[in-house]
Amino acid sequence: MARLAWLVMALVLGIGAAQAGTLDKVRDRGAVTCGVSADGPGLSESDGAGNWTGLFPDFCRAVAAAVFADPTRVAFVPIERDAPFEALRAGEIDILASPHAWTFSRDIEAGVRLVGALYYASYGLMVPRRLGVATALELSGADICVTEGGPAALYVADYFRRNNMPHTLVSFANAPDALQAYEAGRCDVYADDLASLDPQRQRLDRADAHLILSDVVGIEPLSPALREGDPQWADIVRWTLFALIAAETLSLNSDNVEDSATSSSPLARGFVGADGDSRPLGLDPQWAYNIIAMVGNYGELFARNLGEDSPLDGERRLNRLWREGGLLSAPPIR
């Protein structure tokens, strides 16, 4: 037993030592390695030539801005969706910037650390207008097209059970097949992430014949992931996320953040390193300023990838600031 305990301790200490010093490795390499996967327009997608766009790739650019004062110093590494954490544990990437749900099982998974909610996915329903329904509560007895094993299926089933509504889930291998079956009339309802429903509705032959209900049947936070064992790197990535949100809370953006140096607000001055101490992060005092000046605040990232400045023209819904009825908030940089 003593030998087994020693071996376990040696393994733990060895993993911690091997994973320490990510910031130094990133600087020696000259780029942040960012694991990405094709998760759909607005979140993460590639043009096939290695050019990645979306909210999650832009988050990696924000980390690069914090570390290098240069958002282009990112090396994107495509990751297989069926084994997303293997490259992370093996040290092949510094950040897994693929939109995976922050769940209990993932949070306690060995060797993995979730950073925080970069995007709140909210799940909803689309119905033919001919049904004449206005809310999900009128769908008792409905057949619902879903992607097999997807989160929408889980939340829809829970919503209907919670409201004592009989229903039938009709599962398909992927979202295009489920949408096609819905359009062919095999189901009364189609369920998916609300951010995806409007683009999918536009692909139907008669988009105006379908209605996206306002009901939210479930939500889940999507988070970037890191290896465990390097608290300094975890702080850098986590505070990059907080800086994006905190800047928008303070109405600081890429156009006006330079003025924060002379602001009367100590919270605003924190973005140019006028106040506070960034030495524990090992970064330039202007790390937060560089993020906002070079990449933008959270609202700017959302607008160009998912919102009004993107082809999706999606609503922010839960991804609004807390003061606007959303879920986004961040600790102050002070």
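This is a predicted model: local features need pLDDT of at least 70, side-chain atom pairs count only at pLDDT 80 or more; totals for chains, interfaces and linings use all residues.

Student: Which helix does Arg-201 lie in?

Tutor: Arg-201 belongs to helix α8, which covers residues 194–202.

Student: Is Arg-201 buried or exposed?

Tutor: Arg-201 counts as buried, because its relative accessibility is 16% and buried means under 20%.

Student: What is Arg-201 in contact with, leaving aside its neighbours within four places in sequence?

Tutor: Its contacts are Met-126, Ala-207, Asp-208, His-210 and Ile-212.

Student: Now a change of topic. Which residues of helix α2 are buried?

Tutor: In α2, residues 22–29, the buried ones are Thr-22, Leu-23 and Val-26. Seen down the axis of α2, they fall within an arc of 100°, so they line one face of the helix.

Student: And what follows α2?

Tutor: Gly-30 follows α2, and its phi is positive, near 90°.

Student: How do α2 and helix α9 pack?

Tutor: The axes of α2 and α9 (residues 231–249) are 7 Å apart, at an angle of about 70°. That angle makes α2 roughly perpendicular to α9.

Student: Which residues make the contact?

Tutor: From α2 they are Thr-22, Leu-23 and Val-26, and from α9 they are Gln-232, Trp-233 and Ile-236.

Student: How many of the residues in the contact of α2 with α9 are nonpolar, polar or charged?

Tutor: Four are nonpolar, two are polar and none is charged.

Definitions and conventions
Residues are numbered from 1 along each chain as its sequence is written. Side-chain values use heavy atoms; hydrogens and water are left out. Helices (H or I, at least four residues) and strands (E, at least two) are DSSP runs, numbered from the N terminus. Buried means under 20% relative accessible area, exposed over 50%, partly exposed in between (1.4 Å probe, protein chains only). Contact means heavy atoms within 4.5 Å. The arc is that of the directions from the helix axis to the C-beta atoms. Axes are lines fitted to C-alpha atoms, for helices over the stretch in contact, and angles run from 0 to 180 degrees between N-to-C directions. Angles under 35 degrees count as roughly parallel, over 145 as roughly antiparallel, 65 to 115 as roughly perpendicular and the rest as oblique. Ala, Val, Leu, Ile, Met, Phe, Trp, Tyr, Cys and Pro count as nonpolar, Asp, Glu, Lys and Arg as charged, and the others, Gly among them, as polar.
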